[in-house]
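Visitor: I would like to go through this model with you and ask what stands behind each label. Could you show me the sequence and structure?

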Amino acid sequence: MRLYPLKFKPIFRDYLWGGHKLREIFGKDVPEEKIMAESWEIVDLPEEKSVIANGAFAGRILRDLIKEYPKEITGRESFKPPFPLLIKFLDCANVLSVQVHPDEQTCKRMGKGDPKTECWYIISAEAGAFIYKGLKAGVTKEQFAEAINKGHIAELLAKVPVKAGECHFLPAGTAHSIGGGILIAEIQTPSDTTYRVFDWNRVDSSGKHRPLHIKEALESIHFDSSGDNLSVTTTGRLVDCEYFKIDKGHQAENCEVLLSAGKMKVMIILEGFGVILETGGNSIEFKTGDTILIPAAYEGAVQFADDSEYLTVTLA
């Protein structure tokens, strides 16, 4: 069967810091009164797996389809699960917990967890919006542990103002948090291992504090690296790390971009709409908020019907 660009059913997460922008800006199928924090656009984890939403493969699980067509989809001769990317939209109406994701060495040392490197592309940000991105220079493990006990951990984090169009890279081992009023596209390695170290003394809908993972967090944070060393980019090649590459594109109304075979691509449509045309004449529509996996074997063209901005993610 001929492979074609794949769209997926979003998987939603209603964490307490979410808002309404996934419905208002992207038109996601979320009830108007419902607060929603995350839309998982492509995922292949033990507890969640993306389901194809369009075409002849609709209803199929992405992992199963790649097992049948590994080279045609990924461009690689064999496929070893999981799918190497996890892509989300985050509506951060309120501040997230302070947290960290472990690197591969930490996972091996602790005997648990999966490594996670990520980046945040800022789609929109309210006036005064900020993120916490790494530690201030010179902060030690002992100082950080003391700050957790005293409840003033924010004083030791690098507070960074953000605006739309920026891409912030966060390698595994970086302590971080996201402030309120920010809509983000998050591209990361396939892991949901998160060690929460501080949650601003909040309680959930049942009146309970969310669990903390202080021991694991202190073991995972890279105390020899400060937030001053972490990159922020706005144009062209946004990220070029050992796991994935991200490029930012912009096309004017009625422009066309050819898609050649050989490399799998994921397109994240930040703004605009249009169609993807294959050689045989079939077309797949896309719009703001869509995430599309273009198989390595696919050839065709993207026609932009409106002024459009998008991210293209490829494997390293």
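**Pockets, pairs and strands**

Guide: Let us start with the largest pocket: 21 residues line this pocket, and P82, D114, P115, T189 and P190 are the ones nearest its centre. Please keep in mind that this is a predicted model, where local features need pLDDT of at least 70 and side-chain atom pairs count only at pLDDT 80 or more, while totals for chains, interfaces and linings use all residues. Residues are numbered from 1 along each chain as its sequence is written, and side-chain values use heavy atoms, with hydrogens and water left out.

Visitor: What makes a set of points a pocket, and what makes a residue part of its lining?

Guide: On a 1 Å grid over the protein atoms alone, a pocket is an open set with protein on both sides within 12 Å along at least five of seven lines, and lining residues have an atom within 4 Å of a point. The volume of the largest pocket is about 530 Å³, where a volume is the space filled by probe spheres set on the points, joined across faces, edges and corners.

Visitor: How are the lining residues of the largest pocket divided by class?

Guide: Nine are nonpolar, three polar and nine charged. Here Ala, Val, Leu, Ile, Met, Phe, Trp, Tyr, Cys and Pro count as nonpolar, Asp, Glu, Lys and Arg as charged, and the others, Gly among them, as polar.

Visitor: Which residues lie nearest the centre of the second largest pocket?

Guide: They are Y15, E38, Q99, D192 and T194, out of a lining of 21 residues. This second largest pocket holds about 320 Å³ of space, and its lining has seven nonpolar, six polar and eight charged residues. At least two lining residues come from each of strand 2 (38–42), strand 3 (86–92), strand 5 (118–125) and strand 9 (176–178); strands are DSSP runs of E, at least two residues long, and helices runs of H or I, at least four, numbered from the N terminus.

Visitor: Why is the contact of E38 and K88 called a salt bridge?

Guide: The term asks for a side-chain nitrogen of Lys or Arg within 4 Å of a carboxyl oxygen of Asp or Glu. For E38 and K88 the N to O distance is 3.7 Å, so the pair qualifies.

Visitor: How do you know whether E38 and K88 are buried or exposed?

Guide: Buried means under 20% relative accessible area, exposed over 50%, and partly exposed in between, with a 1.4 Å probe and protein chains only. E38 has 7%, so this residue is buried, and K88, at 3%, is therefore buried too. For contrast, D14 has 46%, so D14 counts as partly exposed.

Visitor: Which other salt bridge does K88 form?

Guide: K88 also pairs with E186, with the closest N and O atoms 3.7 Å apart. K88 is in strand 3 and E186 in strand 10 (residues 182–188), 98 residues apart, and E186 is buried as well. Another buried pair is E48 and R13, whose closest N and O atoms are 2.6 Å apart. The count comes to 23 salt bridges, and R237, D240, K245 and D247 are linked in a network of them.

Visitor: What makes strand 13 and strand 14 a pair?

Guide: Two strands pair if DSSP finds at least two bridges between them. Strand 13 (residues 237–240) and strand 14 (residues 244–251) have three bridges in the antiparallel sense, so they meet the rule. They form a hairpin with three residues between them, and D240 stands opposite K245. Strand 14 is also joined to strand 21 (residues 308–315) by eight bridges, again antiparallel, with T312 as the bridge partner of D247.

Visitor: Why are strand 1 and strand 12 called edges of their sheet?

Guide: That open sheet of seven strands has the order 1-2-3-10-5-8-12, with antiparallel pairing. Strand 1 and strand 12 (232–233) each have a single partner strand, so one side of each is left without a neighbour in the sheet. Within this order, strand 5 and strand 10 pair over seven bridges, and Y121 has A185 in strand 10 as its bridge partner.

Technical notes
1 Å grid on protein atoms, 1.4 Å probe; cavity = no way out; pocket = protein on both sides within 12 Å on 5 of 7 lines; lining within 4 Å.
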